[in-house]
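Subject: Structure for your review

Dear colleague,

Please find the structure below, together with its sequence. A summary of the findings follows it.

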Amino acid sequence: MWAYVLRRLLVTIPTVLAVVTLCYMLLHLTPGGPFDAEMKVSDAVLANLQAKYHLDQPLWKQYLYYLDSLLHGDLGASFRYADWSVNDLVARALPVSLVIGGTGLVIAVLAGIALGIVAALRQNTVVDYVVMLLANIGSVLPSFVLGPVLVLVFAITLPWLPSGGWDDFAPRYMVLPIALLTLINVAIIGRIMRGSLIEVMSSNFIRTARAKGLPMRVVVLRHALRPALLPVVSVIGPLAISSITSAIVTESWFSLPGLGKLIVNGASDRDYTLVLGLVVLVTVMAVLLNLIVDLAYAWLDPKIRY
Amino acid sequence: MTRTVSKTDAAPQGRSPWRDARVRFLRNRAAVGSVVVLALVALACVFGPMLLPSAFDSVDWNLMSNPPTRAGWHLFGTDDLGRDLLVRTLVGGRVSLLVGVLATLVSVCIGVVWGAVAGYAGGRVDSVLMRIVDMAYAVPYLLIAILVVTVFGRDILLVVGAIAAFSWLDMARVVRGQTLSIKSREYVEAARAIGVPTWRIIAQHVVPNLLGVVVIYTSILVPGVILTESVLSFLGLGVQEPMTSWGVLIHDGAAVMGASPWMILFPAGALSITLYCANFIGDGLRDALDPKER
């Protein structure tokens, strides 16, 4: 097991390094530098500034400097927000994204599993169809259509909730964004859970369990649930990564001060260091999440032992 | 598409798997209907703007935010600058569909070559190529697309490139897997045993069997790619005014949906119909080309 963890960790290092290198080189293809302002400073000052930020060095040395500061957890200074380092910006935005995205994902997984169980046990009945139809709303409407729809219904037609904005983790402002992120994912989880539970329920050991007279609740919860959960667990990692897209849309649409909003603003302002820092950060988080999910999978499935 | 068969076969003519697939596909009403609808949408996007009286960027100060009306063919209404929404939706559809087709083509080419090489070569080449795919999987591709837009500005071809650069991964995996399994099939073994040259095995046994999954995965790619372009446009990182795409129109419409709901309704409807149809066609193709799945 520990050898497997170690091996997986060793694979993540080249992944992150490749992304950082690619993005860094991409940024340096652009013409112009941070000090090419309209107000020209004198050549001597410019030279000093460039020396301070190692801009007078060859590219590979600059790259090594960047890697060095990355390893020290320093993402550099923002190009656009004066007085702010990328670290400061991230420190303010990260909790927002984690709370919104994490809550959305957890609710989606739990609700999806529950809906999937209900639909599977009542397979091909009205309950099954209704549950799956409701769950599918989120997967047929893209997030940037569903978001406006939610606002139209729950903020404009029924003035229950604010249509966007943020007030220091006030729950009122978090309901709609979390609902949007949940709806996007719940259908996928629900469908997988339904399919896998139907398959497990028709296997021999379930027939044995039922034949010896166990009540249905025990059969499902004790015997069927664990093997049926495996496919669900295996999609959580990819799902979380693909949810980054809908999370960015959500934060942008509801004007939440999270990482997504930050990266979109950074992109329209062409704030290079900010975008680069965020890409690196999110990639590392995504890779780590994948690792955790794989380990959870190994722990759940007795067939997999590393 | 017909192929000669052995003399013992009772049928005078062989049925090619492709003909079977076509019959199966045509029997699928949802898929055939989707093909018709999608063709109509595409035709309307290509030729509609030429036939309609208004231009997509002509501003009419007398017609700001007008609801849909038959007068002047403003069937979808006008936006807050008095531009005809029907023409804008069609022109936006051109951009969205074009990006979808281009990015899909690019990623299919990369994915098929990558997967086929990995599958045929096997060994170290295979493991290196597939590790790269594994690594690319872990990267949140939308962020890379955003980074590209940040660096090079908003250029539609770059958006295509950025989307394509991360859409070929599934294709590569599937093609590799299929190539591996075809390589070890009995009919390939039989062909090898009776001395069929390698190139003919590849041409007659491997490629036709690859085409099925390639077609299926291509049809699955298209809606995803269109969606990604729309997301970028929705975030304000796609095409620039006065040019437009469905994502841009949905974004603009969403901002004023309380006052003029038609501005979000029609573009969102167009996008949804397109995605639906593309998904149905994909399902139909999978059912038709992959009989094992049924």
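What pattern does chain A follow when read along the sequence? In this predicted model, the pattern of chain A is α-α-α-α-α-α-α-α-α-α-α. The count for chain A is accordingly 11 helices and 0 strands.

The overall dimensions of chain A may be of interest to you. Chain A has a radius of gyration of 24 Å, whereas the globule rule gives 19 Å for 306 residues; the value is well over that figure, so chain A is more spread out than a compact globule. The C-alpha trace of chain A spans about 90 × 55 × 30 Å along its principal axes.

As to the interior, 34% of the 306 residues in chain A are buried. Considering contacts in chain A between residues at least 6 apart in sequence, 70% of them join residues at least 24 apart.

I turn now to the interface between the chains. Here 27 residues of chain B are in contact with 35 residues of chain A. On the side of chain B that touches chain A, the elements giving two or more residues are α5 (141-152), α9 (198-234), α10 (246-255) and α11 (262-289) of chain B. Of these, α5(B) provides the largest share, with 9 residues. Which classes of residue make up this side of chain B? The side of chain B that touches chain A comprises 22 nonpolar and 5 polar residues, and no charged residues.

With kind regards

Note on methods:
Residues numbered from 1 in each chain as written. Chains lettered and ligands numbered in written order. Predicted model: local features only at pLDDT ≥ 70, side-chain atom pairs only at ≥ 80, totals over all residues. Contact = placed C-beta atoms within 7 Å. Helix = DSSP H or I, 4+ residues; strand = E, 2+ residues; numbered from the N terminus. Nonpolar A, V, L, I, M, F, W, Y, C, P; charged D, E, K, R; others polar. Rg over C-alpha atoms; globule rule 2.2 N^0.38 Å. Buried ≥ 20, exposed ≤ 12 C-beta atoms within 10 Å, placed from the backbone.
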